[in-house]
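Me: I'd like to learn how to read this structure feature by feature. Please give me the general idea each time, then the case at hand.

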Amino acid sequence: MKREEAERALEIVRTVIRQTRDDLVERNWGAIWMVHAFTNGVAIASIGPAVEARGLPLPWYFAPLAAVAVVNALVIRLLGRRDQGVRSYLEYQLHGVWITFIVFSLGAGAVLWLAGAPATLFCPIFALLSGVGFALMGVIFHVRFVAYAVLFLAVAVSARWVGSWQWGLLGAVWWAASFVPGAYMHRELVRRRSGPAPTRIL
């Protein structure tokens, strides 16, 4: 009896996970992530030549990041689909992950600024925080996001050897981490509109 109850509970969990992924696909997050791949990638990569190469102080690093945060919020509002304006449970989890990421990125910048540390240290720290964000995505959404977390870790470790190019590498990883899952999700949405098919996220 206990085994049957355990199998029934496991099936319920599988159904919930499948439905939450389906929900994310239906709400057009694939297209949103594909757009975010370009906005995030360009904004982050631009910090190298536009800010760091010119030796500007740390607060300037946040100018392109603040701009892209506003753009991304507008993209979500324009492209996202909701049932009667209500967010799904998984959407709340995703927003929670990335709001936490933004807050701690600001905190890291403040710590470096107050300590008088070199502004060039912000990139590896930002890469580490990005990796933590995608690792949490792997826990909540799909384990394959952990692979992107590893790439962010690699950027953080190699940052000291590539100079201002570190931001270009970080932007490229952000592009891949957003565009590839987004493209799979968007393809699934298109496939679903043309006929029933099992959900594939990655």
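Me: Is Gly109 buried or exposed, and why?

Reply: Buried means under 20% relative accessible area, exposed means over 50%, and partly exposed lies in between (1.4 Å probe, protein chains only). Gly109 has a relative accessible area of 3%, so Gly109 is buried. This is a predicted model: local features need pLDDT of at least 70, side-chain atom pairs count only at pLDDT 80 or more, and totals for chains, interfaces and linings use all residues. Residues are numbered from 1 along each chain as its sequence is written, and side-chain values use heavy atoms, with hydrogens and water left out.

Me: Where is Gly109, and which residues is Gly109 in contact with, leaving aside neighbours within four places in sequence?

Reply: Helices are DSSP runs of H or I, at least four residues, numbered from the N terminus. Gly109 sits in helix 4. Contact means heavy atoms within 4.5 Å. Leaving aside neighbours within four places in sequence, Gly109 is in contact with Leu58, Phe62 and Phe122. The C-alpha atoms of Gly109 and Cys123 are separated by 9.9 Å, at 14 residues apart along the chain.

Me: Which residues have the most contacts inside the largest nonpolar core?

Reply: A nonpolar core is a set of buried Ala, Val, Leu, Ile, Met, Phe, Trp, Tyr and Cys residues joined through side-chain atoms within 4.5 Å. The largest one here has 38 residues, and Trp33, Phe122, Phe126, Trp167 and Leu170 have the most contacts inside it. Helix 5 gives the largest share of this core, seven residues. Not counting residues up to four places away in sequence, Trp167 touches several residues, including Tyr61, Phe122, Cys123 and Phe126.

Me: What about the surface? Which residues form a nonpolar patch there?

Reply: Like charges are joined within 9 Å, nonpolar side chains (Val, Leu, Ile, Met, Phe, Trp, Tyr) within 5 Å. Areas come from the Shrake-Rupley method with a 1.4 Å probe; for residues, only the protein chains shown count as cover. Val35, Val70, Leu74, Leu78 and Leu79 form the patch, with about 450 Å² of accessible area together. Helix 3 supplies its largest share, four residues. Val35 lies in helix 2. Val35 counts as partly exposed because its relative accessibility is 32%.

Me: Where is Asn28, and what does its side chain reach?

Reply: Asn28 is in the loop between helix 1 and helix 2. The side chain of Asn28 reaches the backbone oxygen of Leu79 at 3.0 Å.

Conventions
Helix = DSSP H or I, 4+ residues; strand = E, 2+ residues; numbered from the N terminus. Polar contact = N/O pair within 3.5 Å; in protein donor to acceptor, adjacent residues only side chain to side chain. Patch = residues over 30% accessible without salt bridge, like charges linked within 9 Å, V, L, I, M, F, W, Y side chains within 5 Å. Salt bridge = Lys/Arg side-chain N within 4 Å of Asp/Glu carboxyl O.
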